[in-house]
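Have the sequence and the coordinates open while you go through them.

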Amino acid sequence: MAAPELISTFDALLADLDGVVYAGPHAIPGAVESLRRLAGIGVGLGYVTNNASRTPAQVAQHLRELGAPAEDHQVVSSSQAAGELLASLLPAGARVLVTGGDSLAQEIELAGLVPVRSEAEQPVAVVQGFHPDLGWKDLAEAAYVIAGGALWVATNTDMSIPQARGMAPGNGTLVAAVAAATGQRPLVAGKPEAPLFHAAAKRLAADRPLVVGDRLDTDILGGNRAGFATVAVLTGVDTRETILAARTLERPGYLINDLTDLYRPYPAIEIDAGQHRCGAAAAAVHGQAVRVSGDPGDLDAWRAACSAWWAAHPETATALAPVLEWLDH
């Protein structure tokens, strides 16, 4: 009997976008086809993004242009998660100061709350999300309300955002400015916090979602915090080496090359007398080194190395890289 495909044990895939589905303006090879196959096997699909300046409809339109399956409701943004988080903490009709764009105000309204733009309208909470037109007056208004004791929720705290001319300040830098002025810290709805992932799973009515991402510090950490299974894909930011060195909270449950690997059986790790075997590869820890018997180009060798190193260092709060010794090369 053939081993089951990795994706077959889950009822939904919660996918990051940049580095997983596309890189820049182009789809990553194999990604679109892999996402299309999900419907045929009864697996739900949701997209999770920290981008609070684009509406879910705009994100879905971009995905459809790439050929990926994407209805508006399949996109869950940090602004939506912020709205749901606020709705769970406030009575319906509560006034929320919106420090962000119209798309964020729209999500607050859809959550059954009333978006306002000034302290004079007596808001009981502040929601802060990125918008390129935000200025000092907007941040000051938020600071006045927060200093008065209002609940404060940030869509996300990404410190930078990529732009055509380079890296620019992200929502995290604007949140930090308000935090410095008020001495307060917001609740965060987006990655790497759990609410965004919980909102996506709820929308898909998923009990066993699999979170796939290319970044340990946002996608994998957030999925782990949400209590969901996580898989790191090697088409974006993090590499085999950085994943091997990952701190405990950022370690994925699975490691794949790209989304096509979702449709392949995932090899089991067998442990015997300190040897961690995966496929034809094996690894064992000796001091601060991991000795690997296998081909560096074979992902099974890295899966074995991760298993051995993580077992030897189950609790580490910072990244910890071993010395790699390849015995067969």
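The questions below concern a predicted model and go from strands to loops, cysteines and a pocket.

Q: In the open sheet of 5 strands, which strands stand at the edges?
A: The order of the open sheet is β7-β6-β8-β9-β12, with parallel pairing. The strands at the two ends each have a single partner strand, so one side of each is left without a neighbour in the sheet. These edge strands are β7 (114–116) and β12 (187–188).

Q: Which residue of β8 is the bridge partner of L97?
A: Strand β6 covers residues 95–99 and strand β8 covers residues 125–128. The two run parallel and are joined by 4 bridges. For L97, the bridge partner in β8 is V126.

Q: Are the residues on the two faces of strand β1 buried or exposed?
A: In a regular strand, side chains alternate between the two faces of the sheet. In β1 (residues 12–15), A12 and L14 lie on one side, and L13 and A15 lie on the other. Both faces are covered, and the state of these residues is buried.

Q: Is N50 buried or exposed?
A: N50 is found in the loop between β4 and α2 (56–66). The cut-off for buried is under 20% relative accessible area. N50 has 9% relative accessibility, so N50 counts as buried.

Q: What distance separates the C-alpha atoms of N50 and A92?
A: Along the chain, N50 and A92 are 42 residues apart. In the model, the separation of their C-alpha atoms is 25 Å.

Q: Is the peptide bond from K191 to P192 cis or trans?
A: P192 lies in the loop between β12 and α7 (195–203). Omega for the bond from K191 to P192 is near 10°.

Q: What is the phi of A205, and where does A205 lie?
A: A205 counts as exposed, at 64% relative accessibility. Its phi is near 50°, a positive value in a residue other than glycine. The place of A205 is the loop between α7 and β13.

Q: Where is A273, and is A273 buried or exposed?
A: Phi of A273 is near 50°, which is positive although the residue is not glycine. A273 sits in the loop between β16 (269–272) and β17 (275–278). With a relative accessible area of 79%, A273 is exposed.

Q: What are the relative accessibilities of C278 and C306?
A: C278 is buried, with a relative accessible area of 0%. C306 also counts as buried. For C306 the value is 4%.

Q: Which element gives the largest share of the lining of the second largest pocket?
A: The second largest pocket has a volume of about 170 Å³. Its lining includes Y254, L255, R303, C306 and W310. Two elements give two or more residues to this lining, β15 (254–256) and α10 (299–312). The largest share, 4 residues, comes from α10.

Q: How many residues in the lining of the second largest pocket are charged?
A: Among the lining residues are I243, P252, G253, R303 and S307. The lining divides into 9 nonpolar and 2 polar residues, and the number of charged residues is 1.

Q: With which side chain does the side chain of D300 make a polar contact?
A: D300 lies in helix α10. At 15% relative accessibility, D300 counts as buried. Its side chain makes a polar contact of 2.8 Å, and the partner is the side chain of R303.

Note on methods: Residues numbered from 1 in each chain as written. Predicted model: local features only at pLDDT ≥ 70, side-chain atom pairs only at ≥ 80, totals over all residues. Heavy atoms only, no water. 1 Å grid on protein atoms, 1.4 Å probe; cavity = no way out; pocket = protein on both sides within 12 Å on 5 of 7 lines; lining within 4 Å. Points joined across faces, edges and corners; volume = space filled by probe spheres on them. Nonpolar A, V, L, I, M, F, W, Y, C, P; charged D, E, K, R; others polar. Buried < 20%, exposed > 50% of the residue type's maximum accessible area, 1.4 Å probe, protein only. Pairing = 2+ DSSP bridges. Polar contact = N/O pair within 3.5 Å; in protein donor to acceptor, adjacent residues only side chain to side chain.
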